[in-house]
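Please keep the model open beside them as you read.

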Amino acid sequence: MKFIKNHLMFILPLMAILLGIEFYLVFDRTTNTYEKGLKEGYSMLVVTKDPMELSKFQDLNSHISSLEKIKRDNIVSEVSKGVSKSTSKAILKALPYFYNLGLDTYLHSSGLEEIKRDLEADKNIKRVETFGGSYNSSYKLFSFIKFTLKIFIAFMTIVSLFLIIKQMEIWKYAHKERMQVMEIFGAPLMLRSGVLFKVAFIDAIFATILVSAIFFYIKFYWAAQSGIDIMMENQEVLFKLADIGILFGSALLIVIIAVYSVVFSAKGVQE
Amino acid sequence: MSNVIHASHLTLAYEKGEKEIIKDANFSIKKGEFVFITGPSGSGKSTLLKALYGQLKPSEGSLVVGGLDLATVGKSKLQELRTHMGIIFQDYKLVNEWSVAKNVVLPLMIAGYSTEIQDTQAKRLLKHVKLSEHAERYPLELSGGEQQRVGVARALAKNPVVILADEPTGNLDDYSSNVIWDLMENACQQLDTTVLVVTHKIPTIFSLPYRHFIIESKGVYEVH
């Protein structure tokens with residue numbers, strides 16, 4: 001019973017940290033897809049006196065990634081219904097050029113304003129419409145969710161780290177005597193910390209397996225039946241095989257830091 | 001005969017700039033010698049022993065053990081030196097979660113000997129200290145005298161060049177103390193090991209020729 005308790009006291013906080021890491025990875029991937037959708041669905045309208053190429057727009061601001069010309073003929077045909085051909089031609093001649101500009105990234109409204117300023121600095125550009133209002137509300141909601149989750153993950157990690165430090169104190173108490181005796185008789189660091197490493201390494205494997213199992217369940221069972229659009233659409237990115245490597249690597253790093261902290265603090269002979 | 005230990009203008013203090021425990025000590029100990037270091041409580045006997053196994057660096061002067069100056073020696077060399085030492089403590093310093101046999105072969109384990117050799121040596125050493133029947137028991141199941149015999153067996157495990165003992169009989173009754181002194185005399189005689197014992201009182205039953213140093217007023221003096 002004591003054996004299981006000792007292992008659980010390290011496995012559980014380690015799992016909490018790994019869950020935090022995995023949540024972050026999954027959320028990052030899911031929001032990237034969502035962000036991509038928002039970005040692709042967004043464009044700003046630019047009106048110019050003379051025709052302009054994409055490269056010219058990109059010279060004005062590097063965030064501009066795509067350009068779509070709005071056909072002037074369509075506009076003219078709409079406004080010149082019932083007028084003569086010559087009038088229609090005159091309207092077409094007087095009509096400025098319209099473009100939808102796409103961006104390379106999802107920007108805050110201040111970023112959009114900056115692009116607008118850059119574009120309006122060009123004398124050829126008559127008007128820029130960013131549609132900032134609707135864009136901004138989605139962005140704010142999105143940023144708020146992202147921020148909240150990050151805070152939650154950071155809080156969870158800090159609490160877990162405290163629990164790990166507590167466990168390290170217990171390890172120190174349990175292994176100090178043996179490590180000191182071994183040190184007196186000339187045992188190298190690796191040999192002194194061998195037992196502790198073995199214990200912590202096994203715990204790291206268990207924590208990784210358990211966290212991976214939770215996310216496999218979320219990916220293949222829960223997400224599929226959740227009815228939540230964003231989950232169902234992004235089922236593929238919920239957990240990837242490479243994540244097991246990231247989780248185990250992180251667990252191993254925490255284990256190495258924890259074990260060496262205990263080993264180094266247990267140096268010297270206790271009187 | 002060559003010096004196994006040589007101290008020259010040795011000064012020991014726990015922190016640099018703090019009060020010295022030992023000051024300007026000069027002494028040499030040759031291979032195969034049995035040496036007692038006595039002195040009143042708090043005189044610095046255990047501090048000197050700590051310096052001899054490299055737990056405390058000399059703050060001034062030099063302390064050469066087995067050809068290595070402990071004032072300047074690096075970590076790996078110190079580790080190597082310690083594998084040639086047998087150290088005995090008043091409080092035994094056994095690993096309580098290990099069996100008696102495993103405690104005894106700790107120096108062999110550190111040196112990387114095979115488990116077969118460790119098993120054979122454990123049997124031999126435990127027979128030598130008359131604890132064969134306790135091989136699989138744990139230290140806390142033994143009496144103080146028996147635990148110290150395990151400590152002596154551990155110190156002898158790798159035929160050390162030098163044995164350092166800190167009040168080895170301090171916690172023991174007369175009978176157990178005599179057994180420990182016998183074992184240490186044998187080690188010195190049969191293995192030609194240098195034995196340095198810190199104690200507050202030299203045992204009356206001691207039969208080997210020995211040298212006696214006393215620590216007084218921070219100095220280390222030989223008593224003739």
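How are H8(A) and H11(A) oriented to each other? A word on conventions comes before the points. This is a predicted model, in which local features need pLDDT of at least 70 and side-chain atom pairs count only at pLDDT 80 or more, while totals for chains, interfaces and linings use all residues. Residues are numbered from 1 along each chain as its sequence is written, and chains are lettered from A and ligands numbered from 1 in the order in which they are written.

1. To the opening question: H8(A) and H11(A) are roughly antiparallel to each other (over 145 degrees counts as roughly antiparallel, under 35 as roughly parallel, 65 to 115 as roughly perpendicular and the rest as oblique). Helix H8 covers residues 194-226 of chain A and helix H11 covers residues 241-265 of chain A; they pack at an angle of about 150°, and their axes are 9 Å apart. Axes here are lines fitted to C-alpha atoms, for helices over the stretch in contact, with angles from 0 to 180 degrees between N-to-C directions. Helices (H or I, at least four residues) and strands (E, at least two) are DSSP runs, numbered from the N terminus.

2. From H8(A), residues including A:Phe197, A:Phe201 and A:Val211 meet residues of H11(A), among them A:Leu247, A:Phe248 and A:Val255 (contact: C-beta atoms, placed from the backbone, within 7 Å). The residues of this contact of H8(A) with H11(A) divide into 16 nonpolar, two polar and no charged. In this scheme Ala, Val, Leu, Ile, Met, Phe, Trp, Tyr, Cys and Pro count as nonpolar, Asp, Glu, Lys and Arg as charged, and the others, Gly among them, as polar.

3. Next, the meeting of the two chains. Twelve residues from chain A and twelve residues from chain B take part in the contact. On the side of chain A that touches chain B, helix H6 (residues 132-184) of chain A gives the most, with five residues. That side of chain A divides into eight nonpolar, two polar and two charged residues.

4. Chain B has seven helices and ten strands. Of its 224 residues, buried ones make up 43% (buried: 20 or more other C-beta atoms within 10 Å; exposed: 12 or fewer; partly exposed: in between; C-beta atoms are placed from the backbone).

5. Six strands of chain B form an open sheet with mixed pairing, in the order E6-E7-E8-E3-E9-E10 (two strands pair if DSSP finds at least two bridges between them). Strands E6 (85-88) and E10 (219-223) of chain B stand at the edges with a single partner strand each, so one side of each is left without a neighbour in the sheet. From one strand to the next, the twist averages 20°. Within chain B, E7 (residues 162-166) and E8 (residues 194-198) pair in the parallel sense over five bridges, and B:Asp166 has B:Val198 as its bridge partner in E8(B).

6. B:Asn159, in the loop between helix H6 (144-156) and E7 of chain B, has a positive phi near 45° without being glycine; B:Asn159 is exposed, with 12 other C-beta atoms within 10 Å. B:Ser217 sits in the loop between strand E9 (211-216) and E10 of chain B, and its phi is also positive, near 45°. B:Ser217 is exposed, with 8 other C-beta atoms within 10 Å.

Definitions and conventions:
Contact = placed C-beta atoms within 7 Å.
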